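Welcome, and thank you for opening the viewer. Let us take a walk through this entry one selection at a time.

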Amino acid sequence: MAIPRTARHARLVPPAAAALVLGIALAGCSSGSSGADPASYPDDTIEVIVPFAAGGPTDTVTRIVAEPMGAELGQQVVVQNVEGAGGTVGAGEASQADPDGYTALLHHIGMSTAPSLYADLNFDPVEDFEPVGLVTEVPMTIISRPGLGPADMDELVSYIEENEGSITLAHAGVGSASNLCGLLLEDALGVDVQEVPYDGTGPAMTDILGGQVDIMCDQTTNTASQITSGAVDVYAVTTPERVEVFPDIPTAQEEGVDLEVSVWHGLYLPAGTPEEIVETLRASLETALADQAVIDALADLGTAPVAADQVTPDALSTRLQEQIDLWAEVLPEPGS
Ligand code: MLT
């Protein structure tokens with residue numbers, strides 16, 4: 001990783017433009033800092049930006065909760081995939097949306113790693129968003145294309161060491177969870193593999209299945225059905241304990257690989273969204289996560305909703321800050 005440490009993005013607004021923006025904001029400001037109307041919210045479709053390609057794990061989790069959230073809110077909640085640059089394009093776009101509750105962002109651990117991985121991040125995960133609540137925490141799995149060869153984690157480690165220069169590792173771009181897990185794997189093994197970035201691990205999985213790329217570390221929300229059907233080979237889970245739906249898959253730690261990570265997801269609104277609107281959206285998320293169909297769908301994918309007391313702005317903001325601090329310590333300085 002050779003990227004200079006993040007310089008926080010400064011928004012420069014020329015004085016004339018600033019006056020114009022202020023005028024518009026004041027003219028529309030009837031019921032909150034954004035001009036949004038909490039009393040009638042929501043009276044239109046709510047768009048949730050997923051910062052990765054359709055068909056991947058973030059998209060899957062978002063679609064599972066979107067429908068019951070919409071039912072609770074009495075409006076459609078639709079997914080908008082804004083992929084690119086490991087989730088930073090979509091997060092950047094969400095940070096610039098009107099703070100009226102009609103554009104949200106569902107993102108994962110990448111909100112906390114991006115500040116350490118990008119020198120020119122175009123959003124500030126803390127300053128530019130109102131956290132709504134945590135959603136779920138997902139184990140990761142180390143998988144390979146069918147027929148790569150190794151029979152278990154031990155053999156995979158030897159294979160990676162012997163083929164360091166040529167083995168390919170798929171991930172969803174710098175800042176993605178699969179990139180983070182790949183970095184931790186490389187660090188644990190002391191190797192440097194060929195990275196192949198995609199716009200999401202949905203398309204990456206297509207290439208794993210097609211044999212175009214060798215290995216990937218990705219969330220069970222993308223790998224569970226391929227593991228169950230035997231379409232990919234699996235070597236380890238990255239959680240401290242084995243995963244309930246896959247009791248036979250060892251943890252990386254059990255296999256002697258010092259790698260532990262799981263992927264937390266959170267829902268955000270742009271900074272300045274009125275508190276009442278944040279609360280309305282939060283309550284719909286809490287209701288959705290208590291829905292038995294949601295619990296069952298997530299269980300099939302190796303995960304579960306967070307506890308109800310974690311579906312809060314405080315819980316998400318605490319997790320975000322803790323993880324920003326953690327990854328700033330762990331990840332190599334960009335440029336080093
Ligand atoms: C990731 O690796 O960050 C995600 O799996 C990307 C995705 O949701 O496609």
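Begin with alanine 85, which you will find in the loop between β2 (77-81) and α3 (88-95). Please keep in mind throughout that this is a predicted model. What is the phi of alanine 85? It is positive, about 50 degrees, although this residue is not a glycine. As background, most residues other than glycine have a negative phi.

Next, select proline 42, in the loop that runs between α1 (15-27) and β1 (46-50). Show the backbone here and look at the peptide bond leading from tyrosine 41 into proline 42: it is cis, and its omega is near -5 degrees. For context, most peptide bonds are trans.

Now move along to helix α10, residues 292-300. At its start, display the side chain of aspartate 291, where an oxygen comes within 2.9 Å of the backbone nitrogen of alanine 293. Then step past the other end: just after α10, glycine 302 has a positive phi of about 80 degrees.

Which residues come nearest to the ligand? Out of 13 residues around it, they are Thr58, His108, Ala177, Ser178 and Thr201.

- To the side chain of histidine 108, a ligand oxygen is 2.6 Å from an N or O atom.
- To the backbone of alanine 177, the separation between a ligand oxygen and an N or O atom is 2.7 Å.
- To the backbone of threonine 201, the corresponding value is 2.8 Å.

The space it takes is the largest cavity.

Finally, color the shell around the ligand by element and by domain. Helices α2 (57-73) and α6 (177-189) and strand β7 (215-219) each provide at least two of its residues. Domain 1 (34-137 + 264-330) and domain 2 (139-262) each contribute at least three. By residue type, the shell comprises 4 nonpolar, 8 polar and 1 charged.

Definitions and conventions:
Residues are numbered from 1 along each chain as its sequence is written. This is a predicted model: local features need pLDDT of at least 70, side-chain atom pairs count only at pLDDT 80 or more; totals for chains, interfaces and linings use all residues. Side-chain values use heavy atoms; hydrogens and water are left out. A residue is near a molecule or strand if one of its heavy atoms lies within 4 Å of it. A polar contact is a pair of N or O atoms within 3.5 Å; within protein, one must be able to donate a hydrogen and the other to accept it, and residues adjacent in sequence count only if both atoms are side-chain atoms. On a 1 Å grid over the protein atoms alone, a cavity is a set of points where a 1.4 Å probe fits but cannot get out, and a pocket is an open set with protein on both sides within 12 Å along at least five of seven lines; lining residues have an atom within 4 Å of a point. A molecule sits in a cavity or pocket if more than half of its atoms lie within 2 Å of its grid points. Helices (H or I, at least four residues) and strands (E, at least two) are DSSP runs, numbered from the N terminus. Ala, Val, Leu, Ile, Met, Phe, Trp, Tyr, Cys and Pro count as nonpolar, Asp, Glu, Lys and Arg as charged, and the others, Gly among them, as polar. Domain bounds come from an automatic or database domain assignment.
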